[in-house]
Amino acid sequence: MWNHSDLLLLNSSPAASASVAVVDTNEQTPLHRVHCGGSVLAIAVSSDHIYAGTQGGDIMVFSLDTYDHVRDLKGHSGCILALNLSQDESLLVSSAGDAIINIWRTKTFENVHRIYSTFDIGDIFCVAYSSKLSSLYLGAQNTSIQWYDFRSTDKRPRASLKSHPSRRSHRFFDSLGPGGSATPQPPVDSSDVLESCHESQLVEIDPLNIVQYAHFGYVYCMLLLQSFTKEGEEILVSGGGDGSIKIWEIDSETSAIKPEKSKTLSSGDSGVLCMATRDQFLYCGLTDGEISIWDLDGQALIRSIKGHQDDVLTMTVRDNCIWSGSASGYVRKWSQRFELLGRWKAHDGLILASDLKSVKGRDLYFSGGNDDCISVWDVSCQEDDFPAAYRTTEDELLSTLRKLVSYRTVANDPKFSEDCRQGASLLKSIFRQFGAQSFLIPTDNRNPIVFGRFTPPETPGVESKRQTILFYGHYDVISAGEDTPNNQWITEPFEMTGMNSYLYGRGVSDNKGPVLAAIFAAGELAQNNQLTCNIVFLIEGEEESGSRGFKEAVQKYHDFIGPIDWILLANSYWLDDEAPCVTYGLRGVVHASVEIQSDRPDLHSGVDGSRESREPVIDMVNLLAKLTSDGGKIMIPGFHEMVRAITPAEEAMYTEIENEFSSRLFRGSITSGRLKEHLMSRWRYPSLTIHRVNVSGPTNATIIPRSASAAISLRIVPDQKLSTVTENLTSFLYNQFATFSSPNQLKISIDHVSEWWLGDPLNKAFKTLARVVEEVWEKKPLFIREGGSIPAVRFLEMEFGASAAHLPCGQASDAAHLDNERMRVANLYKSKTIMKKVFRELPLEGVDV
Ligand code: BES
Ligand code: MN
């Protein structure tokens, strides 16, 4: 038997899982999981918010859309035991272990009433609020049911605040111990809400409005229902630890319930822990896994089944399905006739709370447990993976992203070329679902490019003026390194996981999430007949390996793709996690491999090491050392001379960013005074990185490797010319090596390169982008550049004679290319909204459509 005192110990003790043999054990992955920092004992879900009652006494409020933590409602000093929304969702009622009931206005989150009983009632396990009677009912540990009718003008003088639970002597702490001395009092909670609350908020229950011994046990649960006999009237049903269910008639004048006007239904000794109802049926979850089903109209027990191995702690009903949640962490789904439809492990520990809500056509089941989490489950009848008519809701975007992330579209590894093909063809089918033209453009032995084109319906006379926006993105990803020891992934990288308002998985941010947001944006415009221009998509599969084959393939299909007026992309990040940005510059990159080989095999350093031998690794270290000065300056001749000088106008853009960070530290460490210099070094000055040095042979410390290789890269900036930089780099290394007079062989190869890109932050595309970002995020975006590189951007600009604008969708903490890559749900949704507006509004400016 589970009781309240256990709850406090539950936090770290997951209950042993029940092993019940059932036929149907369908695996379920939660849509999202939210950590609440303590056991979740009550859940209520409104049309906008998820309310979670926690062990600590706070009610945490989350956005139902994005799972963002909106705020905490603070008004209890004991763990929350029940949450109830009024039918019209305008009020939230909370009860707790502190013997207080709070009523909150959901619109303002204001605590409108604090209700208490003059008696010592212990924990309040359940509450029910009748909008019709403006009355509140509570069921408590002291076996009483009490009520308060807000319609009554009960102006009895309050017994004085002394009767308030927080001012009363405590049953345990204030009793005199054996020696006659009181147990030391726990420190008074500094958030003593009584101090701060307004007199008018406090509501004391009239001692007459109490039914003592409503049950011969704790009153665990209650429900308000429509009466079956008296039309328009309500009845109260309560369940107790004594195993009985009571049906109480309510006097609609006074809201009173009377023992003599109650009926008792009893199914045995098992305590009634939870209840749910639909039509005249009452579904009760009992101790020891029992579930009993009553016909309330006929007041007869219809069935009693062993539903779980452990206590049934939650019961939820909708249409023809019933969900029960147990102390073993399992949820079971039942048909109306109580056939088991499925079961899944929802929590590591007890399931303490649940609720169900229909959200945009989906049935969502919310469960809370003592693993400190709320989990959100899609329990609607599962459709095929691809519903015929593609719905364009945010949920659809999420499930498509989950599917796209599941393909290991790692570029540059033949092992994954089939995944890449499937990823590409998934994108193609999404375009086609939206009615866009789509096919795969082959590349020379590389992953295909997905082409998509949305075309507005023909309007006579307009066709020739129609503009075309090209959206560029990539579906390939960096390897997740999930097989390497010590990887830090907290989720499976190719199973997208929703957690604490973020989506985790390889590629969610770079670049699958933003790509899908853009496709869905265009798709929704097409579906609503709101396209104002042609939107062409080029989604490639080789970006992470330097966009190999992209140029040639695009050139080959140039006439088919073009003409293009604007290029848009969405493949970078905000400067931090707060301020929305638009990006007007990227650095270029030169990736090179340096190899030094001797003509001898790997040798033993003791046997063969000698002052005569010229070791490749020593040559390598000496050669790489020539690339920079001791102070880290890049020493390639002519390298810095090509860097464009800064103008006052450019400097002003950095000053704006400094202003944004005048009141907070950038990345927690860089002060505003140093920020300009810091950002310029990352964005407008070049850099050099030595990624790794590898050696041949076994790597134990007695080997002279016969060869060494190094991977280096240079980030380049305006106006460094790619060809000049590569030539200067190679000739510099060869020349330096020549001065070593080493018998070893040096080989330098350029693996891939990317041009830098500098957009025009004053052009129409950036103006539209910035305006729309401000509309959607309600904050002016910062104009930023980036240190990273995207090879296709400058090429596309040149190839189509069009300018590019770049919308960074992710936050700085997205961890692209790293373990635990993620993207915030809100960023994904808002990016879609932004792109929808930009696709629609950019062509409208100055064009008569
Ligand atoms: N989205 C990134 C580029 C990026 C990174 C932009 C960081 C802004 C900030 C892109 O997918 C990428 O990883 N690019 C590579 C270049 C490529 C040639 C391998 C890069 O920057 O290293
Ligand atoms: Mn990348």
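This is a predicted model: local features need pLDDT of at least 70, side-chain atom pairs count only at pLDDT 80 or more; totals for chains, interfaces and linings use all residues.
S35 covers residues 534-540, and S31 covers residues 446-454.

S31 also pairs with strand S30 (residues 437-443), again in the antiparallel sense, over six bridges. In this pairing Leu440 stands opposite Val450 of S31. The two strands S30 and S31 form a hairpin with two residues between them, and Asn445 in the turn has a positive phi of about 65°. Eight of the nine residues of S31 are buried, so the strand is largely enclosed by the rest of the structure.

## The open sheet S23-S24-S25-S26

A further group of four strands forms an open sheet in the order S23-S24-S25-S26, with antiparallel pairing. Its edge strands are S23 (312-318) and S26 (340-345), each of which pairs on one side only. From one strand to the next, the twist averages 15°.

Strand S25 (residues 330-335) pairs with S26 over five bridges in the antiparallel sense. Here Lys333 stands opposite Gly342 of S26. Strands of a sheet pair through backbone hydrogen bonds, in either a parallel or an antiparallel manner.

Glu544 and His817 link distant parts of the chain, being 273 residues apart. Glu544 lies in the loop between S35 and helix H6 (550-556), while His817 lies in the loop between strand S46 (803-806) and strand S47 (822-824).

## Cis peptide bonds

The peptide bond from Asp510 to Asn511 is cis, with omega near 10°. Asn511 lies in helix H5, which comprises residues 508-527.

A cis peptide bond is also found from Pro718 to Asp719, with omega near -5°. Asp719 is located in the loop between strand S42 (707-716) and helix H12 (722-738). Most peptide bonds are trans.

Ser134 has a positive phi of about 45° although it is not a glycine. The residue lies in the loop between strand S10 (124-130) and strand S11 (135-140). With 22% relative accessibility, Ser134 counts as partly exposed.

Ser741, likewise not a glycine, has a positive phi of about 45°. Ser741 is placed in the loop between H12 and strand S43 (745-754). At 60% relative accessibility, Ser741 counts as exposed. Most residues other than glycine have a negative phi.

## Helix H3 and its packing

Helix H3 (residues 394-406) has 13 residues and reaches 18 Å from its first C-alpha to its last, close to the 18 Å expected at 1.5 Å a residue. Its buried residues are Glu394, Asp395, Glu396, Leu397, Leu398, Thr400, Leu401, Leu404 and Val405.

The buried residues of H3 pack against both strands and helices. The strands are S27 (351-359), S28 (362-369) and S34 (502-504). The helices are H4 (417-433), H5 and H15 (825-841). H5 is also the helix that holds Asn511.

## The chain as a whole

The protein chain has 15 helices and 47 strands. Of its 849 residues, 56% count as buried. Among contacts between residues at least 6 apart in sequence, 66% join residues at least 24 apart.

How values were computed
Residues are numbered from 1 along each chain as its sequence is written. Chains are lettered from A and ligands numbered from 1 in the order in which they are written. Side-chain values use heavy atoms; hydrogens and water are left out. Buried means under 20% relative accessible area, exposed over 50%, partly exposed in between (1.4 Å probe, protein chains only). Two strands pair if DSSP finds at least two bridges between them. Axes are lines fitted to C-alpha atoms, for helices over the stretch in contact, and angles run from 0 to 180 degrees between N-to-C directions. The expected span of a helix is 1.5 Å times one less than its number of residues. Contact means heavy atoms within 4.5 Å.
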